[in-house]
Structures are given as C-alpha cells and as structure tokens.
Amino acid sequence: MDAHPDASRERDRWAASADAWDRWADPMADLADKLNRPLLDAAGLTAGDRLLDLASGAGEPALGAARRAGAGGLVVGSDLVPGMMAGAVRRARDIGEREGGPAPAFIAADMTALPFADAAFDRVTCRFGIMFVPAVASALREVRRVLRPGGKAAFMVWGPCAGNGLFAGIGDVVADHLGEDGSLAPLFRFAEPGRLSAAMRAAGFTETEETDLTPVRKAPAGQPFWRAALDMSFGHRLGGLGVDRRTALEADIARHFEAQAVNGVVPVPSHARIVVGW
Ligand SMILES: C[S@@+](CC[C@H](N)C(=O)[O-])C[C@H]1O[C@@H](n2cnc3c(N)ncnc32)[C@H](O)[C@@H]1O
C-alpha cells in the first residue's frame, strides 16, 4: 500500500505513460546524454564506484552511469513503477548485445523505503524524479542512509515552468483543450532555488551545492519536435482522446511553436538544476 495518499496517483500517472517512455527513449538518448553527463559529473562518479540511480524510468542516467563506473563498479537502477523500467531493461540488453561491457541491474523500489543496506553505495543519482515523491523527507533520509559516509547524492530537477518552453507551451494548449488537472505542478516543486537543498540538509546532508543549466535547443520549424514531450509528460491525459480531438490539440501545439520560429528555427529554452549533497 502507498504510505501517502498522493503516491497512488503518481503510480497511476507513470504506469499510463510507460509505453511512451519506452518508445521515445532511444530517439531522445542524445538529448538525454547532454543532461546526464553534468549530473554524473556532479555526483563525482568514477570507475569502480557503486551507484544507485533512483526513478530511472527508461534508463536515464543509469545506462550511461554503468559505462562510466566500468566493470569494476556497480550500477543499480530503480523505479517505483516496474512498467517504466521495461524500456531500461530492454535498452540495457540491446547495449549489452551491441557493445558488451557492464550493464546496470534494475529493481523496482519506492525511494521512500529502499531495499538496500546502510552505506551500500558511493553515489546516488536521481534525474527528474524526486519532485514526484509526496513524502520527500522520507526519500531523502533513505538516500542519506544508503550512502556511505562521504558519499554524494546528485538530483536533477526542473527550474520554473516559464523557463521550460516545451512544458509551458504544451501545457497551455493541453489546458485549453482538456482543462487544468494540476498534474504539471509537481514538475516544478523544486523550481525555487534552495528549496531542495534545504530539504536535503533537514534530512542529514551537511553540505549542498546547486548549479543551474539553461540550454536553448534550436528545434527545426515545421517539425513535431514537441511530440516526445507531449507523449511522455502529458500522455496520462491523452488516453481515450478521440482522433479528431487529438488532431486539433496537436495542430494548436504546432501553431504555438511555429509562431516563435526565426529563420526556420524555433528556440526552445529549458531550465534544469543540479542539487548535490554530501
Ligand atoms: C520524469 S520520470 C524520470 C525518468 C528518468 N530518470 C529520466 O530522467 O528519464 C519520473 C520517474 O519517477 C518515478 N517515481 C515516482 N515516484 C517514485 C518513488 N516514490 N520512488 C521511485 N521512483 C518514483 C516514476 O515512476 C517515473 O519513472
């Protein structure tokens, strides 16, 4: 049973989006890697380390972390929703067949009650996951518990919605068509600088550091570059939508981004934050 009333809502949301995350994981891998590398750097991951990745979804950043930790290291990926990890397991197998080399193990786990011994890991990462956990204090205490003394945890969270062009643009159109349901709000729970750091210190981390990343993607005008974000982050709202309504929704999203095109390019700003604690 979920300990917090909102936890079952989160479980349903991700179970409904799991297929989309699997489908888009490989096409989005290069973009994902641009965020994974600074996150793994911030965690201080080097060859031979034992790393736990929380809320791994379809495998980011656990798959890249396994390459970096190497044959002498250990990477364990985990997620609340086993269906979300189907893509991660498939991708780990594909990479293993293609490249050989170390692959992460994946295990279903709620980060508020981790099935690992105290001090079992040197590093913990979590990319765009902690904001979806209602009982965040429990999760952060668990992270501190499974880290060895001196070990580091690195979280990636979103900055404000207004600085994230895909979420803001698609979110407005989805709200116009389907109404507000509040499900976008958790994404920006740690948008305020210092908020996650404060929660980490309250959970027993003695030092924290925050770094903002604000890349602007140059997306090709006239292309549905926004479709991955629509399917992955709004997919739980689109099930059961008839073809006509879906077509009208997508046409409005396309119009929204086309209106911002300059010389065939749509600038799409994003704002992520890495919060490290030790
Ligand atoms: C936005 S996805 C991030 C997936 C992946 N880390 C990435 O960046 O592509 C959020 C993930 O958090 C997971 N999640 C939500 N609550 C969780 C919890 N309490 N414990 C572990 N994972 C959780 C969801 O199942 C989902 O896979």
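What is the volume of the second largest pocket? It is about 240 Å³, in a predicted model where local features need pLDDT of at least 70, side-chain atom pairs count only at pLDDT 80 or more, and totals for chains, interfaces and linings use all residues. Residues are numbered from 1 along each chain as its sequence is written, and side-chain values use heavy atoms, with hydrogens and water left out.

**View 1. The second largest pocket and its lining.** A pocket is an open set of points, on a 1 Å grid over the protein atoms alone, with protein on both sides within 12 Å along at least five of seven lines; lining residues have an atom within 4 Å of a point. Grid points are joined across faces, edges and corners, and a volume is the space filled by probe spheres set on the points. The lining has 13 residues, and A29, E60, R67, R91 and I95 lie nearest the centre of the pocket. At least two lining residues come from each of helix 2 (29–43), helix 3 and helix 4. Helices are DSSP runs of H or I with at least four residues, strands are runs of E with at least two, and both are numbered from the N terminus. By class, the lining has eight charged, three nonpolar and two polar residues. Here Ala, Val, Leu, Ile, Met, Phe, Trp, Tyr, Cys and Pro count as nonpolar, Asp, Glu, Lys and Arg as charged, and the others, Gly among them, as polar.

View 2. A side-chain N or O atom of D79 is 2.6 Å from an oxygen atom of the ligand. Nitrogen atoms of the ligand lie 2.9 Å from a backbone N or O atom of E60 and 3.0 Å from a polar side-chain atom of D110. The protein buries 96% of the 600 Å² that the ligand exposes when taken alone (accessible areas by the Shrake-Rupley method, 1.4 Å probe).

**View 3. Backbone at A55 and the E60 to P61 bond.** Most residues other than glycine have a negative phi, and most peptide bonds are trans. A55, which is not a glycine, has a positive phi of about 55 degrees. The peptide bond from E60 to P61 is cis, with omega near 5 degrees. P61 lies in the loop between strand 1 (50–54) and helix 3, and A55 is in the loop between strand 1 and helix 3.

**View 4. The largest cavity.** A cavity is a set of grid points where a 1.4 Å probe fits but cannot get out. The structure holds one of 30 Å³ or more. The largest cavity contains about 50 Å³ of space. Its lining consists of L63, A66, R67, A92, I95, G96, P102, A103 and P104. Helix 3 (62–69) and helix 4 (86–99) are the elements that give two or more residues to this lining.

Note on methods
Polar contact = N/O pair within 3.5 Å; in protein donor to acceptor, adjacent residues only side chain to side chain.
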